[in-house]
Amino acid sequence: MKKKILVADGSDLVARVAGQLAIRFGYRVTACVSSGAEALASAEEDMPDLALVDLHMGGEVEGVDVAAALIDAGARVVLLSALPTPQSRAHASRIGAQGLLIKPFGTVEFRHEVELALGLPVLGRQAGTVVR
């Protein structure tokens, strides 16, 4: 059975690209949304195995609050951020996120963070190397 991924990013473009990459790598995307409220509603209907959540998503419900709620509900979370600051990493660690993916991200970084967060064997940067 395919692992389910929810993508929530304040940028529709980033959400769509992340969703397309997830599909490309064999995951089922439950939703690509641009607000925290939409992310929580989507997760309530179909809880993902992994959520990719924009740390700085604005709106009524901020990204860090969405991530914390999803983690409390049993989902794994990778935070997305365009600001790779020590504070971003501290947020990720404090709420129990499995990772922090810096935007803009490439295909290799995306796949690495998703597979690592899901506890899957991760293809290393050197051909044929598997990292656990």
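The dialogue below treats the sheet, the helices and some single residues of this predicted model.

Student: What is the order of the five strands in the sheet, and is the pairing parallel or antiparallel?

Tutor: The order is 2-1-3-4-5 in an open sheet, and the pairing is parallel. From one strand to the next, the twist averages 20 degrees.

Student: What makes strand 2 and strand 5 stand at the edges?

Tutor: Strand 2, residues 28-33, and strand 5, residues 99-102, have a single partner strand each, so one side of each is left without a neighbour in the sheet.

Student: How do you know that strand 3 and strand 4 pair?

Tutor: At least two bridges are required for a pair. Strand 3, residues 50-54, and strand 4, residues 76-81, are joined by five bridges, and the two run parallel. Leu50 has Arg76 as its bridge partner in strand 4, while Val53 has Leu79.

Student: Why is strand 4 called mostly covered?

Tutor: Five of the six residues of strand 4 are buried. A residue counts as buried when its relative accessible area is under 20%.

Student: Why is Asp54 called buried?

Tutor: Its relative accessible area is 7%, and the cut-off is under 20%. Asp54 is therefore buried. This residue is placed in strand 3. Leaving aside residues up to four places away in sequence, Asp54 touches Ala8, Asp9, Gly10, Gly63, Leu80 and Lys103.

Student: How far apart are Asp54 and Val14 in sequence and in space?

Tutor: Asp54 and Val14 are 40 residues apart in sequence, and their C-alpha atoms are 9.5 Å apart in space.

Student: How do you know whether Ser42 is buried or exposed?

Tutor: Ser42, which has its place in helix 2, has a relative accessible area of 13%. Buried means under 20%, so Ser42 is buried. Not counting residues up to four places away in sequence, Ser42 touches Leu6, Thr30 and Ala31.

Student: Why are helix 2 and helix 3 called roughly parallel to each other?

Tutor: Helix 2, residues 36-45, packs against helix 3, residues 63-72, at an angle of about 15 degrees, and their axes are 9 Å apart. Angles under 35 degrees count as roughly parallel, and the two helices therefore receive that description. The crossing of helix 2 with helix 3 is right-handed.

Student: Which residues of helix 2 and helix 3 meet?

Tutor: From helix 2, Gly36, Ala39, Leu40 and Ala43 meet Val66, Ala69 and Leu70 from helix 3. By class, this contact of helix 2 with helix 3 holds six nonpolar residues, one polar residue and no charged residues.

Student: Where does helix 1 lie, and at what angle does helix 1 run to strand 2?

Tutor: Helix 1, residues 12-24, lies across strand 1 (4-8), strand 2 and strand 3. The angle of helix 1 to strand 2 is about 180 degrees.

Student: Which residues of helix 5 are buried, and what follows helix 5?

Tutor: In helix 5, residues 107-117, the buried residues are Phe110, Glu113, Val114, Glu115 and Ala117. Gly119 follows helix 5 and has a positive phi, near 75 degrees.

Student: Where is Pro104, and is the peptide bond from Lys103 to Pro104 cis or trans?

Tutor: Pro104 is in the loop between strand 5 and helix 5. The peptide bond from Lys103 to Pro104 is cis, with omega near -5 degrees.

Note on methods: Residues are numbered from 1 along each chain as its sequence is written. This is a predicted model: local features need pLDDT of at least 70, side-chain atom pairs count only at pLDDT 80 or more; totals for chains, interfaces and linings use all residues. Side-chain values use heavy atoms; hydrogens and water are left out. Helices (H or I, at least four residues) and strands (E, at least two) are DSSP runs, numbered from the N terminus. Axes are lines fitted to C-alpha atoms, for helices over the stretch in contact, and angles run from 0 to 180 degrees between N-to-C directions. Contact means heavy atoms within 4.5 Å. Buried means under 20% relative accessible area, exposed over 50%, partly exposed in between (1.4 Å probe, protein chains only). Angles under 35 degrees count as roughly parallel, over 145 as roughly antiparallel, 65 to 115 as roughly perpendicular and the rest as oblique. A crossing is left-handed if the near helix is turned anticlockwise from the far one by less than a right angle, and right-handed if clockwise. Ala, Val, Leu, Ile, Met, Phe, Trp, Tyr, Cys and Pro count as nonpolar, Asp, Glu, Lys and Arg as charged, and the others, Gly among them, as polar.
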